[in-house]
Each structure stands twice: as structure tokens, then as C-alpha cells.
Amino acid sequence: MSSKLLRIGFIGGGKMAQAMAKGFISAGLTKPESIVSSCHPSDTVSLKAFKDLGAEALTENIPVVQKSQVVIVSVKPHIVPIALGDLKAVKFDNDKLFLSVAMGVTIKQLEQILPKDSRVIRVMPNTPALVQSGASVFVKGNLATEGDTTVAKKLLQSIGTCEEVSESMMDAITALSGSGPAYVYLFIEALADGGVKMGLPRDLAYRLAAQTVLGSGRMVRETKEHPGVLKDDVTSPGGSTATGIHFLEERAFRGTVIGAIEAATKRCKEVAQSGH
């Protein structure tokens with residue numbers, strides 16, 4: 001399968017699908033007219049979003065698969081059997097790669113639901129893919145080829161970073177990087193609220209908070225220093241940073257964040273077991 005100007009289909013057109021589509025287009029891997037999506041007829045917001053993008057927006061899933069080389073399954077987990085159930089009755093050519101971003105739906109389940117001998121890769125991206133700063137991981141299915149892996153990597157690297165992992169890690173990864181942007185947005189909001197409380201204009205506080213988080217993340221990634229070392233570099237004896245850290249630690253800041261990842265991981269496992 002050629003990875004140049006791919007014909008990409010989305011079964012499900014929600015926020016993640018929109019973020020990925022925009023990222024792929026921005027990276028030059030496809031173009032709007034080479035993208036097709038399917039949404040429930042009642043989901044007028046998603047249908048409009050893909051039409052506004054210049055892509056084709058449908059309300060049926062089979063034409064999406066027929067028109068695409070790469071089919072991205074981006075519906076909610078309990079919808080996957082319904083959305084993909086009709087595909088088994090249709091004869092497709094073999095040049096199809098299915099990427100699934102449905103939380104908790106395993107490779108085994110996908111391969112059972114999809115037509116026989118389907119090539120599947122399970123993916124966990126996150127919403128910063130919209131600005132080509134996503135953190136994605138993937139698990140290769142039993143029939144996926146090295147060429148499929150190359151295509152998946154190229155797509156995912158176009159919207160951020162990408163790593164191959166074992167499927168046993170997926171629930172914890174979902175809790176960390178999948179849900180993580182929500183935790184970070186909450187932290188940015190709290191940083192800005194603190195600045196406003198102490199007299200800063202809100203617009204300035206948000207700009208400074210967002211850039212501080214962005215810059216700190218890049219420091220960890222690019223210097224490869226342990227976060228504790230970088231924290232110590234900022235923390236002068238008897239200074240304001242040390243005082244602030246003490247305040248956070250008294251209120252179990254790190255323990256609370258660790259607990260959030262643990263709770264979210266457990267919820268991912270519950271969703272995978274129940275399908276809801």
C-alpha cells in the first residue's frame with residue numbers, strides 16, 4: 001500500500017476523527033477530497049465538520065470502506081459491533097488496513113467483528129493530534145504486515161509522536177496520554193486562576209500558563225533529564241518555588257495525580273469488560 005496521498009475513511013466522525021483528519025491533511029499525507037467519513041444521521045455537527053473540511057460525509061459505513069485504503073474506526077466502544085457488523089456481508093478488495101481508536105476494543109475482538117483476514121492495527125492517539133502534537137501508540141494485529149506498520153507510523157508521526165507497544169499496556173496508556181490532555185487543561189486553568197487571584201489579567205495568565213506547560217514538556221523530552229533534576233534546577237533554597245512545592249506536597253499533589261491515572265486505568269478495564 002502506498003503511503004502517499006492515501007484515501008482515508010473514518011467510521012465515526014467525532015472530535016478524534018476530526019483531529020486526525022486535519023492533522024493528516026496538514027502533514028500532506030492526504031487531501032480533503034481523499035477523505036470520506038460516516039456519521040449517524042442525527043450527528044449533524046460531525047457531518048458538517050467533515051463537509052466544511054472539504055471531505056465527503058456520509059451516513060452509511062460500507063461506502064466508506066469501499067472508497068478507502070485506510071479505514072479508521074473511531075466510534076464509541078459499544079458501537080463498534082453495530083458499526084462494523086454489516087461489513088462481513090460485503091466483499092472488499094484486500095488492499096484495506098483498519099486502524100481502530102475505539103477504547104478498550106481488543107485486537108481479537110476487532111478481528112472477530114471485521115471480515116475474515118482483515119488487517120488490523122489498534123491505535124490510541126490523543127486530541128493534541130489536531131495541532132500535530134499528539135502522543136500515539138499502536139498494537140499490530142495478527143495479519144497486519146510490515147508495510148501496514150510503516151503506513152500507520154507515517155500517519156501517526158504526522159500528528160505527533162508514535163510508539164509501538166504491547167496490548168497489555170493499552171488501558172494504562174489510555175489513562176495517561178489518552179485522558180492526560182484533560183488533566184493538563186485543568187492544570188493550566190488552575191495555574192491561570194492562581195495568577196488572576198494574585199492580580200494578573202486573565203488573558204496574560206492563560207498565555208503564560210499554557211506556554212509554561214508547553215516549554216516544560218519540551219525540556220523533559222529534549223534534554224532527556226529526569227523531571228526531578230529539572231525541578232531541582234528551578235528550586236532555589238528558601239525561594240518561592242520551594243514554598244509552592246511544599247504547599248502542593250502537603251496536599252498530596254503527586255499522589256493525587258497518580259491516583260487519577262490508577263482510577264482511569266481501572267475504568268478503562270471496566271469499559272473493556274462491559275463494552276460500555
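I will begin with how the model is to be read, and then go through its parts in turn.

What you see is a predicted model, in which local features need pLDDT of at least 70 and side-chain atom pairs count only at pLDDT 80 or more, while totals for chains, interfaces and linings use all residues. Residues are numbered from 1 along each chain as its sequence is written, and side-chain values use heavy atoms, with hydrogens and water left out. When I say helix or strand, I mean DSSP runs numbered from the N terminus, with at least four residues of H or I for a helix and at least two of E for a strand.

Let me start with the sheet. It is an open sheet of 8 strands in the order β3-β2-β1-β4-β5-β6-β7-β8, with mixed pairing, where two strands pair if DSSP finds at least two bridges between them. The edge strands are β3, residues 56-58, and β8, residues 160-164, each of which pairs on one side only. Neighbouring strands of this sheet are turned against each other by 25° on average, with direction ignored; axes here are lines fitted to C-alpha atoms, for helices over the stretch in contact, and angles run from 0 to 180 degrees between N-to-C directions. Helix α2, residues 44-53, packs on the sheet and touches β1, β2 and β3, and its direction makes about 160° with that of β3. Within the sheet, β4 (residues 70-73) and β5 (residues 97-100) pair in the parallel sense over 4 bridges, and Val70 stands opposite Leu97 in β5.

Leaving aside neighbours within four places in sequence, Ser37 is in contact with Phe10, Phe50, Glu56, Ala57, Leu58 and Val64, contact meaning heavy atoms within 4.5 Å.

Two of those partners bring me to the aromatic pairs. Rings of Phe, Tyr and Trp (its six-membered ring) pair if their centres lie within 6.5 Å, with planes under 30 degrees apart counted as stacked, over 60 as edge-to-face and the rest as tilted. By this rule the count comes to 2 aromatic pairs. The rings of Phe10 and Phe50 have centres 5.7 Å apart and planes at 50°, so this pair is tilted. It links distant parts of the chain, with Phe10 in strand β1 and Phe50 in helix α2, 40 residues apart. Phe10 is buried at 0% relative accessible area, and Phe50 is buried at 1%. Phe187 and Phe253 form a tilted pair as well, at 6.2 Å centre to centre and 45° between the planes, and this pair joins helix α8 to helix α12 across 66 residues. Here Phe187 is partly exposed at 37%, and Phe253 is partly exposed at 34%.

Now to the helices. The axes of α1 and α2 come within 11 Å and cross at roughly 5°, and these two helices are therefore roughly parallel, given that angles under 35 degrees count as roughly parallel, over 145 as roughly antiparallel, 65 to 115 as roughly perpendicular and the rest as oblique. Ala17, Gln18, Ala21, Lys22 and Ile25 in α1 meet Ser46, Ala49, Phe50 and Leu53 in α2. Lys22, in helix α1 (residues 15-26), is partly exposed at 35%, and, not counting residues up to four places away in sequence, Lys22 touches Leu53 and Leu130.

The axes of α7 and α8 come within 5 Å and cross at roughly 30°, and α7 and α8 are therefore roughly parallel to each other too. In this contact Ala175, Leu176, Ser177 and Gly178 of α7 meet Gly180, Pro181 and Tyr183 of α8. The buried residues of α7 pack against β6, β7, α8 and α12.

I will finish with Asp233, which is found in helix α10, residues 227-234, and counts as exposed at 61% relative accessibility.

Note on methods: Buried means under 20% relative accessible area, exposed over 50%, partly exposed in between (1.4 Å probe, protein chains only).
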